[in-house]
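Good morning, and thank you for coming. Please look at the structure on the screen while I take you through it.

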Amino acid sequence: MASNCEECVNYDYDDLTDAYVCTMDLDEDEMERFLRGDFRNCPFYRRGDDYATARRQ
């Protein structure tokens, strides 16, 4: 499963750090891959869908 962090529902903006961060609890190895940008096979990737809630209404 290929992932793109910018499209992931777990990739949120953090006001304190003024940056986008992964909100999942990553272990040390996963965090290293995330920071290097080599996180193509992320087990936590879920495609963000802004319209999913609107479709249910």
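D18 is exposed, with a relative accessible area of 57%; exposed means over 50%, buried under 20%, and partly exposed in between, for a 1.4 Å probe and protein chains only. D18 sits in the loop that joins strand 1 (11–14) to strand 2 (19–22). Its phi is near 60°, a positive value in a residue other than glycine.

A word on the source. This is a predicted model, in which local features need pLDDT of at least 70 and side-chain atom pairs count only at pLDDT 80 or more, while totals for chains, interfaces and linings use all residues. Residues are numbered from 1 along each chain as its sequence is written, and side-chain values use heavy atoms, with hydrogens and water left out.

Next, the overall fold. The protein has two helices and two strands, in the order β-β-α-α along the sequence. Here helices (H or I, at least four residues) and strands (E, at least two) are DSSP runs, numbered from the N terminus. Of the 57 residues in the protein, 18% are buried.

Finally, the cysteines. How many disulfides are there? The count is zero, where a disulfide is a pair of cysteine sulfur atoms within 2.5 Å. For C5, the closest cysteine sulfur is that of C42, at 6.4 Å, which is too far for a bond. C8 is in no disulfide either, the nearest cysteine sulfur, again that of C42, being 6.0 Å away. C5 is partly exposed, at 21% relative accessible area, whereas C8 counts as buried, at 12%.
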